[in-house]
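Let's walk through this fold together, from the overall make-up down to single side chains. Please keep the viewer open as you read.

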Amino acid sequence: MSKLKFKMKKSKLRNFLRMFFLNLIFNFLSLIFLTLPSNAGDATVGEDLFKKKCKQCHKTTEQVLIGPGLKDVTKRRDVEWIDRWLSNPKKMLKSDPIAQELKKNFKRDMPKIPEMSNEEHRKNIIEYLKTL
């Protein structure tokens, strides 16, 4: 009988240690992922900023105003391109063929908007553009 009790105790101890370490690993990974900064912006904040700084020249449809309509813009351009464009359109006009084509088609430069120097503002605008 004592061998059987020993095996049961050993089995319970093994299960306890297995669960303990799995729980420890899970909690550690959760802590890491919860403390990582989010790369995504806030679409609601981006919409407000868009209304203040962009709607004078851009529609949220395919319709052209002064600049191109922005519906599905995140399907036509990747996020990194949009981020660079918002950050410094004049710099992109010097070497980027897409930016040069936009200038040719719309006959004007997109102005550098001071708020777009802020990375968080750009992320918010881009998140909003993804909703169009």
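What share of the contacts in the protein with a separation of 6 or more comes from residues 24 or more positions apart? Such residues account for 53% of those contacts, where contact means heavy atoms within 4.5 Å.

A word on the ground rules. This is a predicted model, in which local features need pLDDT of at least 70 and side-chain atom pairs count only at pLDDT 80 or more, while totals for chains, interfaces and linings use all residues. Residues are numbered from 1 along each chain as its sequence is written, and side-chain values use heavy atoms, with hydrogens and water left out.

The secondary structure comes to 7 helices and 0 strands; here helices (H or I, at least four residues) and strands (E, at least two) are DSSP runs, numbered from the N terminus. Of the 132 residues in the protein, 24% are buried, that is, under 20% relative accessible area with a 1.4 Å probe and protein chains only.

The largest nonpolar core has 21 residues, and F50, W81, I82, W85, L86, I125 and L129 touch the most other members. A nonpolar core is a set of buried Ala, Val, Leu, Ile, Met, Phe, Trp, Tyr and Cys residues joined through side-chain atoms within 4.5 Å. The elements giving two or more residues to this core are α2, α4 (79–87), α5 (89–95), α6 and α7. Beyond its neighbours within four places in sequence, W85 is in contact with M92, L93, A99, L102 and M110.

The axes of α2 (residues 43–53) and α7 come within 7 Å and cross at roughly 95°; axes are lines fitted to C-alpha atoms, for helices over the stretch in contact, with angles from 0 to 180 degrees between N-to-C directions. The two helices are therefore roughly perpendicular to each other, the term for angles of 65 to 115 degrees. On the α2 side, A43, V45, G46, E47, L49 and F50 meet H121, N124, I125, E127, Y128 and L129 of α7.

E127 deserves a stop of its own. This residue lies in α7 (residues 119–130) and counts as buried because its relative accessible area is 19%. Its side chain makes a polar contact with the side chain of K130 (2.8 Å). Leaving aside neighbours within four places in sequence, E127 is in contact with A40, G41, D42 and A43. A polar contact is a pair of N or O atoms within 3.5 Å; within protein, one must be able to donate a hydrogen and the other to accept it, and residues adjacent in sequence count only if both atoms are side-chain atoms.

Notes
Buried means under 20% relative accessible area, exposed over 50%, partly exposed in between (1.4 Å probe, protein chains only). Angles under 35 degrees count as roughly parallel, over 145 as roughly antiparallel, 65 to 115 as roughly perpendicular and the rest as oblique.
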